[in-house]
Each structure stands twice: as C-alpha cells, then as structure tokens.
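Here are some friendly notes to read alongside the model.

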Amino acid sequence: MGARARQRLVVVSNRLPFVFKRGPGGRWRTERGSGGLVSALLPVLRDRGGSWIGWPGTAETGPDLDAAVAAAGGDVGFALRPVTLDARQVGDYYYGFSNEIIWPLFHDLQSLCNFEPAYWGAYKEVNRKYAKAALAASRAGDFIWVHDYHLMNVAAELRALGCRARVGFFLHIPFPSPDIYFNLPWRLTLLHALLQYDLVGFQTLRDRRNFIQCLRLLMDDVSVQGKGQVVSVTAGRRTMRIGNFPISIDYNAFMRQAAADEVAQRAQELHRMLPKRKLILGVDRLDYTKGIPHRLKAFRTALERYPKLRERISLIQVVVPSRVDIPQYRELKSRIEQLVGEINGNFVRPGGWVPVWYVFGSLSRTDLLAYYRAADIALITPFKDGMNLVAKEYCACSIEEECVLILSEFAGAAAQLQRGALLVNPYDIEGVADTIHRAFTMSDEERRSRMRRLRRSIRDSDIFWWVDSFLRAAIAKDLSAFPLPEKHVSEAVADYVPI
Ligand code: GDG
C-alpha cells in the first residue's frame, strides 16, 4: 500500500464503538460494541492513528463520563470524541428522521414513513454537530470516513465549514429505486449532500445503480466514467467516485471461536434439549424489514404440507430487542408472539416436540455462536437488507460444512452467496415452505459442496478486504486499479437479479 494509504483516519458513526453504562455504585462501565465494523476498524485506527466520533449512547454529560470515554480511547490507542445529544435531538434526528423516514423508505416501505417536517431540521442540526467534531479532530491529510444513513449530510456540513479534506461515506442499508426515493420531500437536497463526498460506497451494484438513476432523473449534466467496481461521476461541476463494497465479517475469528470447546458444549446442550430433530435458525433484530411473521407462516405451511417434518424439525427464532420506543416495533413483537403461540398451540405434542423455540433477548457471543453451530439450516428471509451479516456469520461457523443456508433474494448478501445458498422470495410463503423441505432432504454431498463454496467466497472477501478496498478506492489515482482481483470480483461484487 502506498504512503498516502497510511494517512490517519477519522471515523464518524452514529454511535461510538463502545457502550457506556452506569454500573453498580454509579461508576461508568465500558463495553466494546459487538459489530464487525468495530472489529475491522479498531486495528486500522490503532495502526494509522486518528479518532472515532460518535454518540456515547447516553444523554448524560459530565467529567466522569468524559474520563470514561478518554480511558476507553487510551486502551484502544486512538481518541474517542463523543458527540452529545439531548432528548429532543435523539427523538427527532435518531428516532425521527433516521428511523421513521430513511430506514423505512430505503427498505421500500414508504407507507411506514412519517415525513414530519421538523425531523429534517433536527437531522441537519445534528449532522452539523458531527461535522464540527470531525473537523476539530482532523488535521491536513487525514481521511474522514462517515458511516450510514444517520449521517448523510455530514460532508455538506463539512464543506460549509470550509473543510477540504477527503471525505468518504458508506451506506450500510440499501439505496432505493427512483420511484421510491422520489417520495422523500428532501430528495434533491440529499442527493446534492451525498455528492459532496469524494467516495460514496454502497453494499451492492443494485444500490449503486439506483443512486445513479436518481441522479440522472433529478439533475442535469450527470455523466458516469468507467465500468468497474468504482466509477467516477460528474454532476454539474462536482466530480466524485461511487463504488459497491459488500461488507463482510472477520471470517477467521468466527471460525476460530465457533470451534472453541465452550461453544461446542453449548451447541451439544441445545441438541440435547431439542433431541432427534433438525434445527432451523433465524436470528434478527426486532425489525419489520426482517420478514419474521412471513417466515413463521412459511414454517407453519411447511409443517402442514409435509407432515413427515413434524417432530423432526424445530425452528429456533431469536429476536433481539431494537428501537422499542417506536410503536411499529412493539406491534411487530406482539404479532410475532401471537404467531409463535398459534403454531405451537396447533402442533405441539404433550411432553415432547415444540415446533418453535422463541427467544426474545440479546444473546452472549458464546450463545450466538452455539446457536450458529447447532443449527442444521439457517432461514434468513428479510424483505430487504443492506447485506445481512448473520448469513455470513452462520456460514463461517459451519465448520463441518454440513449446513444449509436459505436466504432471501432481497438481502444484499444474495448477490455474493447466490451460488451456494438456496435463494427464496420471502413473500412467497409456499415457496419458502417448499425450500425448507428441500433443505431438510438435501443430500450430504450437495450440502457440503454448497457450504464449501459459500465459505470460500466469504473467506476471500472478509471484513479486512472490505476496509482495504474502500480506502484504496478513495485514494487510488487511477480507477483502473479496480476492479479488484478476479476472485473477489467474480462473487463478492457480482449482481443478482431475481428471475
Ligand atoms: C445493518 C444493515 C448490514 C444479532 N443478534 C445478536 C448479535 N447480533 C449481531 C449479529 C450481526 C449483527 O448483530 C446484525 O447484523 P445484520 O447485518 O444481520 O443486520 P443489521 O443490524 O440490520 O445491520 C445490514 C449491516 O448493517 C452491516 O453493514 O448487513 O443489512 O441493516 O453481526 O452477529 N450479537 C450478539 N447477540 C445477539 O443476540 N452478541
């Protein structure tokens, strides 16, 4: 990697990579965030130096919190810069604009949007706060890397503050097609804001194509140069880069941890508790995009259509609490619990088989890995998903290579995993039911060859590859350095179009 590639990094995300909570006695406790992004960026930041800007997750302020944040930064070897938000800002910027407008709209669910005008003002105000913090933390030559839909306006605010640094943005969720995007009252302003970045990264080619179509339809003088993974876009007087970078996981860490004795024992315990049957697993945040009620109906249909599955299969559905302050999320929880109750009520055998094993709560890492290892089939059926890391984590943990992945064709991961997974349309309840039966009866040979292919593809383009390719795309002088090496381009960056 060239000298410029080693420039310091200023990461900006909604949350800091640590969660700060008061422990017994009122002292601050610090826990590391668990996502793959945190695992991938911590070593990069430690190596290059720089800082991470984000909300510490609490409305409290004060010297003891500042000291806890500084101490956490000291431990990881780079500065953490907290952005404090008051209750109104959390309500209007985070719950409001980000999660009542952008989240549903970008997942094609415009009927769930609440286009409250006051939310936009709060979004701009809070994005300005993050931009000011980024500017204060950066020095000449730094690369500022902004993450996700909460912070799309940061580059525009940075430019308004006179910042000339290189700024990149990665969108972790899908970008919708023009007919959906056009519902947004601030559609043109937001496109202009995204053009202020030097590089905008999307998860898939589909998202990137949607974005470029929106540009072409809403703006004059849009031209695209290049054909590879990263292209150059000129709109009016602004030229910047756009690419697709499918996010991934720390494959080796998942594989290694899944092989640990503690995980293997927990997985065996699960099989002892749910004996003589195959286990199907769903793990999702509580979210209406994840398609959990449809999945439960598909499982019920599979039991109705294929009686031989009864007593020989159980669905473990883990639902992790999320955004419970939004009414739609509370309603979703009740619907899921009602369906679980109905299915178990219809099929349960006294003293024996329970069709659906439902867990509402957050799992420890060991338990999560044990569920991955214990499950014979993963059933991942979001209506729409930026990528879906659970699918990749499940495959990494399938160390015996005997498991089957059933995956929605509307997850970003479908593009990369289409040749090893069984792809389904999550709205097609009977189709998903038939696919459950197919996975149940699949030969050992087919299961192994599919899982081997899946694992190879995820291993070859892991989270470190993702960080590296994004940063190289941001600084490469010549875009012919992209596409990336053949093994990556062929699968990780491929397109998927449902037939
Ligand atoms: C967004 C986009 C995109 C889940 N349950 C537990 C737990 N998890 C961890 C998983 C996984 C992560 O949470 C979930 O990631 P996903 O990718 O599946 O979904 P989102 O949260 O919606 O993420 C998505 C992603 O950003 C990255 O760009 O792929 O499309 O929506 O890592 O392991 N972790 C623990 N206990 C749990 O109970 N410890």
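1. Thr-301 sits in helix α11, which spans residues 292-305. Helices here are DSSP runs of H or I with at least four residues, strands are runs of E with at least two, and both are numbered from the N terminus. Please keep in mind that this is a predicted model, where local features need pLDDT of at least 70, side-chain atom pairs count only at pLDDT 80 or more, and totals for chains, interfaces and linings use all residues. Residues are numbered from 1 along each chain as its sequence is written, and side-chain values use heavy atoms, leaving out hydrogens and water.

2. Thr-301 is buried, at 12% relative accessible area (buried is under 20%, with a 1.4 Å probe and protein chains only). Leaving aside residues up to four places away in sequence, Thr-301 touches Ile-429, Glu-430 and Ala-433 (contact means heavy atoms within 4.5 Å).

3. Which side chain has an N or O atom 2.5 Å from a ligand oxygen? That is Asp-385. A polar backbone atom of Gly-386 lies 2.9 Å from a ligand oxygen, and one of Met-387 is also 2.9 Å from a ligand oxygen (polar contacts pair N or O atoms within 3.5 Å).

Conventions:
Buried means under 20% relative accessible area, exposed over 50%, partly exposed in between (1.4 Å probe, protein chains only). A polar contact is a pair of N or O atoms within 3.5 Å; within protein, one must be able to donate a hydrogen and the other to accept it, and residues adjacent in sequence count only if both atoms are side-chain atoms.
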